[in-house]
Amino acid sequence: NKNYWVKISWLRSKPSQELFDKCVQLIASSNAKSRMIGIDILAQLGLSPRPFFKETRKILFQTLEDEKDTKVISSLLFAIGHNNHKMSQKQIKTLCSFSDKPHQDIREALTFALLGLEDSQAIQTLIKLSEDKLSRIRNWATFGLGESTDLDNEDIQNALQKRLKDRHMETRYEAILGLAKRKYHDISEIIESELLKNNYSTLLYEAVMVTQNRYFLPLLEKQLHDVQEDNDIPSECIEKLKECINFLYY
């Protein structure tokens with residue numbers, strides 16, 4: 001799998017009319033693996049602004065209409081997610097229609113495809129996906145509601161609040177960060193509760209910085225002291241903790 005993506009990435013860096021035409025040919029193949037190769041290359045062919053952007057998205061949606069293979073549908077949705085700016089209402093509606101699919105790979109790819117879309121259909125679908133049984137789907141959907149959009153309304157806040165008790169820690173912290181950005185009234189008490197559990201998370205420290213509340217400094221400094229004796233804490237968490245402390249001081 002790693003070798004596959006190394007080759008796909010190399011091809012993506014060599015955009016040309018010849019390669020684009022070959023990808024279109026592959027996508028028209030009766031072989032599912034061939035279709036996926038063509039889709040995966042076109043997903044990020046060339047640097048932004050991509051030279052075949054309009055043609056690529058048109059082909060992706062046309063293929064999506066009749067595709068039956070679960071893995072190919074997932075590839076299509078991920079590819080659309082890499083090319084999802086300035087989409088029409090019809091295109092967004094088409095994407096949202098996949099939210100009820102029983103295959104978790106499709107729902108996961110759909111979540112990615114909807115990230116960053118400030119559209120009511122997309123937001124409502126992300127709210128639905130934020131309650132998915134699969135933690136990585138809930139996590140991405142919660143990120144989509146909390147961080148990848150600046151929209152703020154009662155539906156979004158209610159969806160984020162529901163994830164405050166999520167058993168998956170990263171999803172819970174995505175919700176906390178999203179609510180901090182929206183100045184949720186109980187956010188300081190929620191953050192304090194998590195810090196007292198001595199959990200380390202870059203997302204939690206980002207939420208603290210959003211609040212700009214110096215009240216958290218003693219708890220953060222205690223964590224920094226305690227971390228010296230714990231080799232299991234990821235280095236990026238420690239660096240984010242230090243950054244958070246310095247931010248609140250200065």
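Is Asp66 buried or exposed? Select Asp66 in the viewer to begin; this residue belongs to helix α4. At 60% relative accessibility, Asp66 counts as exposed, because the cut-off for that word is over 50%. Between Asp66 and Cys23 lie 43 residues of sequence separation, and their C-alpha atoms are 18 Å apart in space. Keep in mind throughout that this is a predicted model.

**The whole chain**

Zoom out and show the protein chain as a cartoon. There are 15 helices and 0 strands to be seen. The C-alpha trace spans about 60 × 35 × 30 Å along its principal axes. Of the 250 residues in the chain, 50% count as buried.

Switch to a surface view. The protein chain exposes about 13,500 Å², and carbon and sulfur atoms supply 50% of that area. Colour by charge next: the chain has 35 positive and 36 negative charges, and the mean positions of the two sets are 7 Å apart. If contacts can be drawn, consider those between residues at least 6 apart in sequence; 65% of them join residues at least 24 apart.

**Helix α4 and its cover**

Return to the cartoon and select residues 53–66, which form helix α4. Which residues of this helix are buried? They are Phe53, Thr56, Arg57, Ile59, Leu60, Phe61, Thr63 and Leu64.

Select Ser48 and Pro49. A cis peptide bond joins these two residues, with omega at about 0°. Pro49 sits in the loop between α3 and α4.

**Helices α5 and α7**

Select residues 70–81 for α5 and residues 104–114 for α7. How do these two helices run relative to each other? Their axes come within 7 Å and cross at roughly 10°, so α5 and α7 are roughly parallel to each other. Show the side chains where they meet. On the α5 side the contact is made by Thr70, Ile73, Ser74, Leu77, Phe78 and Gly81. On the α7 side it is made by Asp105, Ile106, Glu108, Ala109, Leu110, Phe112 and Ala113.

**Two loop residues with positive phi**

Move to Lys86, in the loop between α5 and α6. Its phi is near 55°, a positive value in a residue other than glycine. Lys86 counts as exposed, with 79% relative accessibility.

Then go to Asn198, in the loop between α12 (187–196) and α13 (202–211). Here phi is near 60°, again a positive value in a residue other than glycine. Asn198 is partly exposed, with a relative accessible area of 32%.

**Gly144**

Finish at Gly144, in helix α9 (residues 135–146). Is Gly144 buried or exposed? At 2% relative accessibility, Gly144 counts as buried. Which residues does Gly144 touch, not counting those up to four places away in sequence? They are Leu115, Leu126 and Thr149.

Definitions and conventions: Residues are numbered from 1 along each chain as its sequence is written. This is a predicted model: local features need pLDDT of at least 70, side-chain atom pairs count only at pLDDT 80 or more; totals for chains, interfaces and linings use all residues. Side-chain values use heavy atoms; hydrogens and water are left out. Helices (H or I, at least four residues) and strands (E, at least two) are DSSP runs, numbered from the N terminus. Buried means under 20% relative accessible area, exposed over 50%, partly exposed in between (1.4 Å probe, protein chains only). Contact means heavy atoms within 4.5 Å. Accessible areas come from the Shrake-Rupley method with a 1.4 Å probe; for residues, only the protein chains shown count as cover. Lys and Arg count as positive and Asp and Glu as negative; His and the chain ends are not counted. The place of a charge is taken as NZ of Lys, CZ of Arg, CG of Asp or CD of Glu. Axes are lines fitted to C-alpha atoms, for helices over the stretch in contact, and angles run from 0 to 180 degrees between N-to-C directions. Angles under 35 degrees count as roughly parallel, over 145 as roughly antiparallel, 65 to 115 as roughly perpendicular and the rest as oblique.
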